[in-house]
Amino acid sequence: MVVLSNPTLHQIPLVKPPKLAASSGGSISVVDLSKPRAAASAAIIEACEDSGFFKVVNHGIPLELLCRLEAEAAAFFARPPADKESALGPADPFGYGHQTIGRNGDVGWVEYLLFAVSSTTTVPISSLGEYLVAVKRLAGEILELVAEGLRMKQRDRLSKMVTEEESDGIFRLNHYPPCPLLLEGFDGGGLTGFGEHTDPQIMSVLRSDGAAGLQVAGKDGSWVAVPPDRRAFFVNVGDAMQVLTNGRFKSIKHRVVVTDTERSRLSMIYFFGPAEETRITAMAEVMVDGEERRYNEFTWREYKKAAYKTRLGDDRLRQFEK
Ligand code: GA4
């Protein structure tokens, strides 16, 4: 692994990602929510089982709202560094962070705002409330389609987990500044913006501006570049959902690579976690006769606690495997 030291920005070493085998993105599943329910539901199930990642189009959330939030976020990140930190405090884990991720030494070419959805009142971005309501509704809809596809008796069981008052939603705004350093000796590989990881939650819903950078793990161990689409949302299965489906749905590894010397990238991700006391274990509906549970049961509180002790790229589910 090559480590680049960056003399201009706090001497923080940045990890150079392994060489890209990033292919076009032709293999990204697309779910069209304007299609009949059965078709949309089947497409979601197939994508969750196949890769754990899909793009959602015709979701009904106006582009105007997405662009408004994006513009506000860009204005926030354009503020002087001291201003940004004092607006929310340094990330621990919530607040304003730059170049360090989590508490265990991970670094990336990124600055961000991270906060619990239940306490957004202090966040200085006015379109946020409207955006969070809209995306939460979308997540609920997607999870109802999942329940239908899995033929679950209680159709709102999954959606309720992430929409009820006590659910543990987290929101993250990531800004990847352009990296002029890449001009020197740049070999096309780029810098790690956000290192490879899976998300601990049930599901994550991402929206980004038109800048490239997101990559998802392909089946053969290669990375697949996700072509940006400002109108769409990208959904990924998280660790908790992998456990709820006894491994049928895949919690997909993803990362962001910065290759641009001039253009920045802005993304916003809503992580849908359940209430802290929710017990996470394989649901009866997904089990076939005689199938064993692959993971020991845990509460969301326990899983979060364990996750915060790990490094970003760790396999966090391994310690719960039977
Ligand atoms: C990955 C998904 C979300 O961004 C996040 C991240 C969290 C953080 O940045 O504080 C973690 C990471 C994420 C998993 C392992 C721990 C915790 C950084 C880290 C090294 C907000 C989350 O919920 O888990």
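**Entry 1**

I count two strands as paired if DSSP finds at least two bridges between them. I am working on a predicted model here. With that rule in hand I looked up strand β10 (residues 214-217) and strand β13 (residues 254-258), which pair in the antiparallel sense over 3 bridges. Within this pairing, I found Val216 opposite His254 of β13.

I then asked myself in what order the strands of this open sheet stand. The sheet has 4 strands, and I read the order as β8-β13-β10-β11, with antiparallel pairing. At its edges I noted β8 (191-197) and β11 (223-225), each of which pairs on one side only. Leaving direction aside, neighbouring strands here are turned by 25° against each other on average.

**Entry 1: the 8-strand sheet**

Next I went to an open sheet of 8 strands, and I wrote down its order as β3-β4-β12-β9-β14-β7-β6-β5. The pairing in this one is mixed. From one strand to the next, I get an average twist of 25°.

Helix α2 (residues 63-77) packs on it and touches β6, β7, β9 and β14 (265-273). The direction of α2 makes about 110° with that of β14.

Inside the sheet I followed some pairs. Strands β9 (residues 203-208) and β12 (residues 233-237) run antiparallel and are joined by 4 bridges; Met203 has Val237 in β12 as its bridge partner.

I gave β6 a page of its own. 9 of its 11 residues are buried, so I call the strand mostly covered, taking 20 or more other C-beta atoms within 10 Å as the cut-off for buried. On one pairing, 6 bridges join β6 to β5 in the antiparallel sense, and Thr100 is bridged to Val107 of β6. These two strands form a hairpin with 4 residues between them. In that turn I spotted Gly102, with a positive phi of about 70°.

β6 is also joined to β7 by 6 bridges, again antiparallel. There I noted that Phe115 has Phe171 in β7 as its bridge partner.

**Entry 2: around the ligand**

Which residues come nearest to the ligand? Of the 17 around it, I listed Pro93, Gly102, Asp199, Ala307 and Leu312. The elements giving two or more residues to this shell are β6 (106-116) and β7 (168-176). Sorted by class, I have 9 nonpolar, 4 polar and 4 charged residues in the shell.

**Entry 3: the core**

The largest nonpolar core holds 79 residues, and Ile44, Met203 and Val205 touch the most other members. Helix α4 (residues 128-149) supplies the largest share of this core, 9 residues. As a reminder to myself, nonpolar side chains tend to be buried together in soluble globular proteins.

**Entry 4: Asp315**

Asp315 lies in the segment after α7 (300-307). Its C-alpha atom is separated by 9.6 Å from that of Asp239, 76 residues apart along the chain.

Technical notes:
Residues numbered from 1 in each chain as written. Predicted model: local features only at pLDDT ≥ 70, side-chain atom pairs only at ≥ 80, totals over all residues. Core = buried A, V, L, I, M, F, W, Y, C linked by C-beta atoms within 7 Å. Buried ≥ 20, exposed ≤ 12 C-beta atoms within 10 Å, placed from the backbone. Near = placed C-beta within 6 Å. Nonpolar A, V, L, I, M, F, W, Y, C, P; charged D, E, K, R; others polar. Axes fitted to C-alpha atoms, helices over the stretch in contact; angles between N-to-C directions. Contact = placed C-beta atoms within 7 Å.
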